[in-house]
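Look at the sequence and the model first, then read on.

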Amino acid sequence: MTTALVDPSAPKTSNTGGVYRFLRSIPTWVLWLLVIVWCVPTLGLLVNSFRGRDAQRASGWWSIFTGDFDGYTLDNYREVLAAGAQGGMKQGLVNSLAISLPATIIPIAIAAFAAYAFAWIDFKGREGLFIGTVALLAIPTQVALIPLLQMFVRGAHLTIPGIDKTVTLFPDLDLAGSTTAVWLTHASFAMPFAIFLLHNYISSLPRDLFEAARIDGADHFKIFYRLVLPLSVPVLAAFAIFQFLWTWNDYLIALVMVGANPDALPATVKIASQAGEFGRLEHLLTAGAFLQAAVPLAVFFLLQRFFVRGILAGSVKG
Amino acid sequence: MTITDDRGTEEAGAGAAPVAKRVALGDVQERLRGRKLSADSIFRMVVVAGLVAFLGFYVGAGSMLTTLLKVAIAVGISAAIFVGANLLFDQTYPRWTTFNTAVGAVIGFVTLLVLDGNRVLRELEPRPWLWAVIGGAALGAVMFLLSAPRQQVARLPLAVVGFAAFGALIALAAAESVHPSLDWGKLVIGTVVGAVIVGGISMLRKRNVALAEKGALVGAAIGWLVGAWGGAELGTGSVGEALVATVVPGALIGLRVGLAAEATPVRRRAIERRSRSWIFLVPALTFIAAGLVIPLLRTIYLSFRDRNGEENIGFDNYRAIFTNKNTFNLDNWTAFFTSRLFWIAVALIGVGIIAGVAMGRRTRRSFESGGGSMGPIAIGFFLLACAVLSTVRGTIFNNIWWVVVVTTLATAIGLAVAVLADRSKGENVAKSLIFLPMAISFVGAGIIWRFMYIARPPQDEQTGVLNSLWVWLGQISTSESSKWIAAVVLGVVGVGLALLALRGVRTKAGGLAAMSIALLLLVGYLIYRFLGPGLGGFVELESGETRAQTILFLQEPPFNNMWLMVVLIWIQAGFAMVILSAAIKAVPTELTEAAKVDGATESQVFWRVTIPQIAPTIGVVVTTLIVTVMKVFDIVKVMTSGDFDTQVIANEMFTRAFGNSDFGLGAALAVVLFIAIVPVMFVNIRRMQKAKA
């Protein structure tokens, strides 16, 4: 009772005190209600992915709470993974990896150079070039897809106006329908964001550090890979995780670039095309969707600190 | 499983200073010396190798290996070029000759490689690389000789002869099919124009008349090349003419190189310094130019051409977008005034204004902005937007609707969770679970929610959560006994809400009162529906029996759009929550404490202190969300393919360009999307410049 008296708005009698304590806990109840609502869709998918076709059609997945454990099986996963079956998720996951790995590693390296140059090398037009780069951050992928696809299909040729001679700018390397085309596109699109993010971090390293290194006679290259790279590990990891998940979860670019080649389809495109025939294969779709989501979810649970950092770093002003 | 956002932002976003300062300056020297292979790094390598082996075993060593090989080659080549370029320019100062030779070799190599790649050189038997190697050796040798004598007098003739010889090499290597039959008129014009343009540019840039002649030499060489090869008919000329076409520009370039000032140590240092920024920048700029800027320009160009990009058709593609009833349809706009949403919205705005004025009388302001007044007004405007966008139809309005609804609700829910979770028990777990959908792909989320929305035939058991609830509600409201139970339960909740409202009025907490009254009205309406006309999924048959009825969430326009938006809100609310939560925690406690000491209530603190403090962050969240929502594609594609009036611009663009191969119209749609995002780009830049200042 003495503690209740501290709060001037708290009523004096213990009876109404109980009521108001309940009222004050309402926000917490609302919060947890929201959390439950937020979890229901994923939970439903997870439970259903372990139930056979008939079980999925006969009752809702929440029958698990009423003690109905009939029809639980791993068959969905087995069927979806098997190569040659409708889906062949195994190949899909490999293709996803073949896209995500280079699409993560290559932009990191290249953007780190550029970010360092923008932050610590003085040159003419630095400010303008940097703003121009960052302006491209928000550009929608769609604006570049048509020309890029055309370039991968038949190379890029420029017919010089007036004299009517054609010059090949980008040879036809037969990239259409390959995972290489996908990650090259991803790498280009990641560049402005990567430069922006890494620049935020690298430019805030203390100036003394660079001066000390200069006095020791180190050149830019040495400073970059002996000092800046090791110090930037947190932001590099944050970007790597962000970019890996982004490319792993991408659908549009993969669909445009390799949509016509069934051997190179990543997991997202596979489950999306399965979803196109929703009625017939929907019991397999649960397992397929969960396999595709397994990698990002694993990253989410194991490396959440970096994951959150990556997302935060991109948007909170730096 | 925790979100440690406060520290996270500090390290990754706001600044690296805390991390970096931990590195003592004495550490610098040690770092510069490099590290030896330690037990730790060996352990890490073993772990990675084990992981790779596991993947190889499980997914098939072949495909895994080729993948990794491709990655390794790509990374290796980029690293080699980068490191090589750095090492090359390291030589500028100490070893001028080596540097010159290497530069010459690289230029010669690349020049002949490009020419060979364009198939203008004679076939050599082991075709790849050979011409390039010859070219590299030749120009390397020229440059090596050039850097020997220091005096200009000796260097000038050497340079002219050397570069002319390199030109001759190219002419001799050229295949007969490209030998030009020279058109002397065009040749002269090209040379003069080139000399004037490049000479003029270099004069203007350095503001030095003396430099004009050097620029003019280079320009003349370029002009000569263009005039000789571009202006002529290829394949009908002779070797002699090819020689004329290359030797003269070679000599001109040689003249320019020979005239260059002596390479004093100071100049060499300057070259070294200036080259560095370009080595660091060029790879990234190449990717941006080739993958973003040039394609963007080409898309704009294609949007003015027909479906194959062959003919210029002016603005026809854009006209097609804005005259098509499927993309832009204003026909039904009058229905807006008769829609229920419109009137609810108007009523809410009215209530909000009245509440604001009433509260303002107490604080002696003309209008008091707080939860009680701003809440209803905000909701009212939101509903008003929905009312408009559900009556005017078409792809473009669908997109706007998406942006309005998803941005608003995701931000609002994110903010609500951030506030509710702040300092409450289990904060981190709750936040993690709300954030979890961020990890799931849009495609996966679309599939997950299709299972939520699934509608089985009415006589079957419903297996989708939402329809199951809906049918269950219908069952309750059609059964005599359970209908009363529901009414009583709701009645109890209603009494509780009434008490809350009373308390809100008594303690002058406008937000609490407004919210409880709104909820009370809702509860009253539900009681009325239960006891009166009934609620939930059922139909009464003529025989008097009732039968279950489902909602086809995805097939019933226009509000199926809203059900699609729910998916994106589900994903993005976590994003908004994490960022806003970090911002709320960053609000200085002194501010909120001071306000409380001055007698402000919780809600006043929130509206007058916290919200203004985190307003910039809300701006960041909103702009980021607008960009994401504007280009929404995956969810619509997977859930409805744009059928049932749910089309959005990005999906329309995909269908037109890659489904119907109408690249002109597809490009025009992409440009529309781009223009819609340009304002956000400007906001981003402004914000960045402000942060710098």
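Q: How many disulfides does the rule find over all chains?
A: This is a predicted model, and the search rests on its coordinates. A pair counts if two cysteine sulfur atoms lie within 2.5 Å. Over all chains, the count of disulfides is zero.

Q: Is Cys386(B) buried or exposed?
A: The cut-off for buried is under 20% relative accessible area. Cys386(B) has 2% relative accessibility, so the residue counts as buried.

Q: What is the relative accessible area of Cys39(A)?
A: Partly exposed covers the range between the buried limit of 20% and the exposed limit of 50%. Cys39(A) is in the partly exposed class, because its relative accessible area is 24%.

Q: What secondary structure does chain B have?
A: Chain B has 693 residues, and 44% of them are buried. Of its contacts with a separation of 6 or more, 70% are between residues 24 or more positions apart. The secondary structure of chain B comes to 27 helices and four strands.

Q: What secondary structure does chain A have?
A: Chain A has 318 residues, with 57% of them buried. For contacts between residues at least 6 apart in sequence, 67% join residues at least 24 apart. Chain A comes to 16 helices and two strands.

Q: What area is buried between chain B and chain A?
A: The contact draws on 135 residues from chain B and 127 residues from chain A. Carbon and sulfur atoms give 77% of the buried area. The total is about 11800 Å².

Q: Which helix of chain B gives the most to the side that touches chain A?
A: Its share is 18 residues. The element spans residues 265-302 of chain B. That is helix 12.

Q: How many nonpolar residues are on the side of chain B that touches chain A?
A: Sort that side by class. The charged residues come to 19 and the polar ones to 29. The nonpolar residues come to 87.

Q: How many salt bridges does the rule find across the interface of chain B and chain A?
A: Polar contacts do cross the interface: seven residue pairs, both residues at pLDDT 80 or more. A salt bridge needs a Lys or Arg side-chain nitrogen within 4 Å of an Asp or Glu carboxyl oxygen. Across this interface, the number of salt bridges is zero.

Q: How many salt bridges does a search of the whole structure find?
A: One of them joins Arg78(A) and Asp75(A), with the closest N and O atoms 3.0 Å apart. Another joins Asp316(B) and Arg319(B). Over all chains, the search finds eight.

Q: Why are Arg78(A) and Asp75(A) separated by about one helical turn?
A: Arg78(A) is exposed at 55% relative accessible area. Asp75(A) is partly exposed at 40%. Both residues belong to helix 5 of chain A, so the reason is their spacing of three residues.

Q: How many residues apart in sequence are the parts tied together by Asp422(B) and Lys585(B)?
A: This salt bridge has its closest N and O atoms 2.7 Å apart. Asp422(B) lies in the loop between helix 16 and helix 17 of chain B, and Lys585(B) is in helix 22, so the pair ties together parts separated by 163 residues.

Q: Which residues are joined into one network with Asp422(B)?
A: Asp422(B) is buried at 16% relative accessible area. Lys585(B) is partly exposed at 33%. Through salt bridges that share partners, the network joins Asp422(B) to Glu427(B), Lys431(B) and Lys585(B).

Q: Where does Ser641(B) lie?
A: Most residues other than glycine have a negative phi. Ser641(B) has a positive phi of about 55°. Its place is the loop of chain B between helix 25 and helix 26.

Q: What is the phi of Asp645(B)?
A: Asp645(B) is also placed in the loop between helix 25 and helix 26 of chain B. Asp645(B) counts as partly exposed, at 44% relative accessibility. Its phi is positive, near 65°.

Technical notes. Residues are numbered from 1 along each chain as its sequence is written. Chains are lettered from A and ligands numbered from 1 in the order in which they are written. Side-chain values use heavy atoms; hydrogens and water are left out. Contact means heavy atoms within 4.5 Å. Buried area is the accessible area (1.4 Å probe) that two parts lose on being put together, summed over both. A polar contact is a pair of N or O atoms within 3.5 Å; within protein, one must be able to donate a hydrogen and the other to accept it, and residues adjacent in sequence count only if both atoms are side-chain atoms. Ala, Val, Leu, Ile, Met, Phe, Trp, Tyr, Cys and Pro count as nonpolar, Asp, Glu, Lys and Arg as charged, and the others, Gly among them, as polar. Buried means under 20% relative accessible area, exposed over 50%, partly exposed in between (1.4 Å probe, protein chains only).
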